[in-house]
Amino acid sequence: MAVTPGHTGDAVVAGGTRSFPTRVVPPVELPASTSYLAGMAAAQLGWKGVVLPEVTVLGRRVCVVARLRTDVHAERIACGIGPVADRTTVATWTWPEFAGTAPTPAAEIVGVLAVARHWRTGMAATVPFARYGEAAMVLPSSAVLSKDYVDNCLPRARSYGLSVVSADADATVALDLSDRRERTLLPQDAVSRWMNEMVYEQLLASYDLPVA
């Protein structure tokens with residue numbers, strides 16, 4: 001029986017069907033840990049704040065760069081209102097009838113980073129956060145030196161307002177795309193309020209500060 005055009009190598013017969021070996025492409029490896037690359041990328045982007053450990057937010061693995069609003073934190077501690085993790089409770093803070101009693105956001109989110117091996121993964125992680133502020137992807141240099149990246153990633157990144165930082169084999173980072181233009185951001189909503197509470201909790205843990 002003739003070999004199907006486009007396939008190479010010997011066919012393996014299993015269960016009455018014919019399968020062919022496929023070329024194994026080694027996975028792209030990150031040159032350093034996620035936390036290290038996120039910290040270096042934040043500095044390259046000029047983001048001033050604490051680079052928090054990678055966490056899952058809205059189903060995406062990201063690193064948030066944030067600052068604690070110390071005056072608001074002090075006020076919330078005095079009122080006995082620490083970080084609120086319950087998403088349903090936080091959602092009620094955006095209701096008009098609770099607007100006057102909802103606690104003030106105690107975290108200032110500077111930006112959101114995703115460290116990824118491929119631009120599609122990084123973009124899927126960061127796009128939801130670009131609606132609220134700065135967002136960026138950190139990719140291995142090999143991932144940005146391809147026609148696919150130039151033709152497909154860069155136009156989308158500019159459209160969504162994402163920045164891109166590349167990291168070479170020595171974990172040296174460089175700014176590949178900067179998108180610091182003025183953009184129309186979504187107003188504060190239930191999602192952004194809940195995210196702020198999650199970041200507030202992380203900040204307190206990083207500073208080892210008291211929680212009300």
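This is a predicted model: local features need pLDDT of at least 70, side-chain atom pairs count only at pLDDT 80 or more; totals for chains, interfaces and linings use all residues.
**The chain overall**

The protein chain has 212 residues, and 38% of them count as buried. Its secondary structure comes to seven helices and nine strands. Among contacts with a separation of 6 or more, 67% join residues 24 or more positions apart. The accessible surface of the chain is about 11800 Å², and carbon and sulfur atoms account for 55% of that.

| Salt bridge | N to O distance |
|---|---|
| R76 and E197 | 2.9 Å |
| R193 and E197 | 3.4 Å |
| R117 and E29 | 3.8 Å |

Start with R76 and E197, whose side chains meet in a salt bridge. R76 sits in helix 2 and E197 in helix 7, so this pair ties together parts that are 121 residues apart in sequence. Are these two residues buried or exposed? Both R76 and E197 are buried.

E197 also forms a salt bridge with R193. These two are four residues apart in helix 7, which means about one helical turn separates them. Through shared partners, the salt bridges join R76, R193 and E197 into one network.

R117 and E29 make another pair. Here both partners are in loops: R117 in the one between strand 6 and helix 4, E29 in the one between strand 2 (17-19) and helix 1 (34-45), so the bridge ties together parts 88 residues apart in sequence. R117 counts as partly exposed because its relative accessibility is 44%.

After helix 2 comes G80, with a positive phi near 75°.

What about the cysteines? C79 counts as exposed because its relative accessibility is 54%, while C153, at 0%, counts as buried. A search of the whole structure turns up zero disulfides.

**The nonpolar cores**

The largest nonpolar core has 23 residues, and V62, V64, M195, V199 and L203 have the most contacts inside it. Strand 5, strand 6 (107-115), helix 4 (119-130) and helix 7 each supply at least two residues of this core. Which element gives the largest share? That's helix 7, with seven residues. Leaving aside residues up to four places away in sequence, V199 touches L52, V64, A66, A107 and I109.

Apart from this core lies another, of 17 residues, among them L37, V65, V115 and V173.

**A look at strand 9**

L175 lies in strand 9, residues 173-177. With a relative accessible area of 35%, L175 is partly exposed. Not counting residues up to four places away in sequence, L175 touches Q44, L45, V164 and V165. Of these, V164 is eleven residues from L175 in sequence, with 6.3 Å between their C-alpha atoms.

Note on methods
Residues are numbered from 1 along each chain as its sequence is written. Side-chain values use heavy atoms; hydrogens and water are left out. A disulfide is a pair of cysteine sulfur atoms within 2.5 Å. Buried means under 20% relative accessible area, exposed over 50%, partly exposed in between (1.4 Å probe, protein chains only). Contact means heavy atoms within 4.5 Å. Accessible areas come from the Shrake-Rupley method with a 1.4 Å probe; for residues, only the protein chains shown count as cover. A nonpolar core is a set of buried Ala, Val, Leu, Ile, Met, Phe, Trp, Tyr and Cys residues joined through side-chain atoms within 4.5 Å. A salt bridge is a side-chain nitrogen of Lys or Arg within 4 Å of a carboxyl oxygen of Asp or Glu.
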